[in-house]
Amino acid sequence: MVVEIKKVGVIGAGQMGSGIAHVCAVAGYDVALNDVSTERVQSGLASINGNMARQVSKGLITEEQRSEALSRLRGADSIDQLSDVDLIIESAVENEQVKRKIFSQLCPLLKPEAILATNTSSISITRLAASTDRPERFIGIHFMNPVPLMELVELVRGIATEDETFEASKAFTKTLGKTIAVAEDFPAFMVNRILLPMINEAIYTLYEGVGSVEAIDTAMKLGANHPMGPLQLADFIGLDTCLSIMQVLYEGLADSKYRPCPLLVKYVEAGWLGRKTQRGFYDYRGETPVPTR
């Protein structure tokens, strides 16, 4: 079944989901944004509005483009309101059981030709696809954060993904102005397979007392020319997400080199998840971030 993608549904109105909805609306697609509560949907729509306003101020889009994009964007308080979409992009929390539950509830509502995609950054596409009624129409479309600014998208086929699904997803991604990197369906794919172990090693370096938060980040910014330090980046990603990806790597590849640092586990258990909770490796509650160790 060949599908022409005109309407896109996005599940998850957080930083990633709202970013995906943002770029889809700017690219000319009708977009429905869904989350577990009306409040979260409205917060996501407000965030998109603000981010588009910043793009206008920087000359990246015009006020007319912003107005047109916002007119194509709507909130969906229930997944029942996603029944008419041509493509669903799931961008919920990085938890396999949560994602599987979403797809099991969603599949009976969708038209048969609709494509299912997940924005997972680490979980098996093949395994998630097996929880649906259409594994041949299931694919991984992994956007980078922040979505409106980052050019790369990883496309990941599951073992059952048909060529038509892959080609339609590839064409769709290109219309968003993104560059595609095709990854095989291995734990954490390419970017996070390389990036997260580096972050985890930086946390071990802090845990073992080799350097302070500030020293480690300064060393990598000035010594390796990284735009931000690995601990600052971990806070930006979310320490809970970092831990989830490391657990997927550790369990999926059965190699001790991927063991999550105990300090990362401790921060997540404390609820210090980074910027989104105002505390992580830095404390963001003041005017300027202050290292917490």
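Predicted model: local features only at pLDDT ≥ 70, side-chain atom pairs only at ≥ 80, totals over all residues.
Arg-66 is buried, at 16% relative accessible area. Its side chain meets that of Glu-63 in a salt bridge, 2.9 Å from N to O. I noted Glu-63 as partly exposed, at 42%. Both residues belong to helix H3 (residues 63-71) and sit three residues apart, about one turn of the helix.

Next I checked helix H4 (residues 96-106), where Glu-96 and Arg-100 lie four residues apart. Their side chains form a salt bridge of 3.6 Å, N to O. Glu-96 is buried at 18%, while Arg-100 is partly exposed at 27%. An α-helix has 3.6 residues a turn, so residues three or four places apart point the same way.

I then turned to Asp-84 and Arg-74, which meet in a salt bridge of 3.6 Å, N to O. This pair links distant parts of the chain: Arg-74 is in strand S3 (73-76), and Asp-84 is in the loop between S3 and strand S4 (87-90). Asp-84 is partly exposed at 29%, as is Arg-74 at 34%. I count 13 salt bridges in the structure.

Which residues of helix H8 (residues 213-223) are buried? I found Val-213, Ile-216 and Asp-217. Down the helix axis they fall within an arc of 95°, so they line one face of H8. Glu-214, Leu-222 and Gly-223, on the other side, are exposed. The cover over the buried residues includes helices H7 (191-207) and H9 (230-237). Just after H8, I noted a positive phi of about 60° at Asn-225.

Last, I looked at strands S7 (residues 152-157) and S8 (residues 179-183), which run parallel and are joined by five bridges. With helix H6 (residues 163-175) they make a right-handed β-α-β unit.

Note on methods. Residues numbered from 1 in each chain as written. Heavy atoms only, no water. Buried < 20%, exposed > 50% of the residue type's maximum accessible area, 1.4 Å probe, protein only. Helix = DSSP H or I, 4+ residues; strand = E, 2+ residues; numbered from the N terminus. Arc of directions from axis to C-beta. Contact = heavy atoms within 4.5 Å. Pairing = 2+ DSSP bridges. Right-handed = clockwise from strand over helix to strand, strands pointing away. Salt bridge = Lys/Arg side-chain N within 4 Å of Asp/Glu carboxyl O.
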